[in-house]
Amino acid sequence: MIPFWNMSPLAVIGSLESGWLAAWRMMTTLDALLGQLFRLHHTELVRFASRLIGDRDCGEEAAQEAYLRIAARREATAIVHPKTYLFTAARRTAIDISVRRQAEADRRADLDEATHVVDSPHFAEQDRRNRRLFQLIVALNELPAACRQTFVLNKLHGMKHKDIARKLGISVSMVEKHMMRAFAHCRDVARDRDDI
């Protein structure tokens, strides 16, 4: 191996690039990517997260945490679809924030009344159900309004497809399409999240 003092300056830089210089370039590339994502999608991302959570301030928080998750990412693989990655991170953050907000609301309850509930063997099962319900709500909020309304009328109110079609002024086949889209979306969200 040739000592670096006998190498040309370009050769020295080239040999250094395999180490810290490559890491520096990767960091500046990540900073540039985050800056570009922020400029292009921040308003849309905040609107998306706010709609999922139901609160503009928490939507801002979810967007910020999504950017932080990307910034903290230390994997060597490149992000092929940065916008999709960003919005997926925001969706997961929105779910986490919703669960956290509900847990905070639950903690505000009177502790004397709540102690017998926590000791109950059904508490863990109820907590798991609540988490799944929040995740379902977030997933449904990602759907278009007509699709979400069709799903809610069918699954929560028990309406038949023909009754939903009459109520919404659409065809029965459109109701079926909305239901298929809602189920497919919920399945995809469940596949993304291991704990659903």
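Colleague: What does Asp96 count as, going by relative accessibility?
Modeller: Asp96 counts as partly exposed, at 27% relative accessibility. The classes are buried under 20% relative accessible area, exposed over 50% and partly exposed in between, with a 1.4 Å probe and protein chains only. This is a predicted model, where local features need pLDDT of at least 70, side-chain atom pairs count only at pLDDT 80 or more, and totals for chains, interfaces and linings use all residues. Residues are numbered from 1 along each chain as its sequence is written, and side-chain values use heavy atoms, with hydrogens and water left out.

Colleague: Which side chain meets Asp96 in a salt bridge?
Modeller: That of Arg69, at 2.7 Å from N to O. A salt bridge here is a side-chain nitrogen of Lys or Arg within 4 Å of a carboxyl oxygen of Asp or Glu.

Colleague: Where do Asp96 and Arg69 lie?
Modeller: Asp96 is in helix α3 and Arg69 in helix α2, so the pair ties together parts that are 27 residues apart in sequence. Helices are DSSP runs of H or I, at least four residues, and strands are runs of E, at least two, numbered from the N terminus. Arg69 counts as partly exposed at 33% relative accessibility.

Colleague: Which salt bridge does Arg100 form with Glu65, in terms of the closest atoms?
Modeller: The closest N and O atoms of Arg100 and Glu65 are 3.4 Å apart. Arg100 sits in helix α3 and Glu65 in helix α2, so this pair ties together parts that are 35 residues apart in sequence. Both are partly exposed: Arg100 at 35% relative accessibility, Glu65 with a relative accessible area of 21%.

Colleague: And how far apart are the closest N and O atoms of Arg56 and Glu60?
Modeller: They are 3.5 Å apart, and the two residues form a salt bridge. Arg56 and Glu60 are 4 residues apart in helix α2, which means about one helical turn separates them. Arg56 is partly exposed at 48% relative accessibility, and Glu60 is partly exposed with a relative accessible area of 30%.

Colleague: How many salt bridges does the count come to?
Modeller: The count comes to 8 salt bridges.

Colleague: Different topic. Arg91: buried or exposed?
Modeller: Buried, at 11% relative accessibility. Arg91 lies in helix α3.

Colleague: What does Arg91 touch, not counting residues up to four places away in sequence?
Modeller: Phe48, Leu52, Val138, Glu142, Val189 and Asp192. Contact means heavy atoms within 4.5 Å.

Colleague: Which residues touch the most other members of the largest nonpolar core?
Modeller: Leu45, Ile53, Ala66, Tyr67, Ile70 and Leu86, out of 24 residues in that core. Helices α1 (9-53), α2 (56-72) and α3 (82-107) each supply at least two of the core's residues. A nonpolar core is a set of buried Ala, Val, Leu, Ile, Met, Phe, Trp, Tyr and Cys residues joined through side-chain atoms within 4.5 Å.

Colleague: What is Tyr67 in contact with, neighbours within four places in sequence aside?
Modeller: Tyr67 is in contact with Leu34, Leu37, Phe38, His41, His42, Leu45 and Leu86.

Colleague: Which residues form a nonpolar patch on the surface?
Modeller: Leu133, Leu136 and Ile137, with about 230 Å² of accessible area together. Patch residues have over 30% relative accessible area and no salt bridge; like charges are joined within 9 Å, and nonpolar side chains (Val, Leu, Ile, Met, Phe, Trp, Tyr) within 5 Å. The areas come from the Shrake-Rupley method with a 1.4 Å probe, and for residues only the protein chains shown count as cover. Ile137 is in helix α5 (residues 123-141) and is partly exposed, with a relative accessible area of 39%.

Colleague: How many helices and strands overall?
Modeller: The protein chain has 8 helices and 0 strands. Buried residues make up 29% of its 196 residues.

Colleague: What is the mean pLDDT?
Modeller: It is 76 for the protein chain, and 72% of the residues reach 70 or more. pLDDT is the predictor's confidence in each residue, from 0 to 100.
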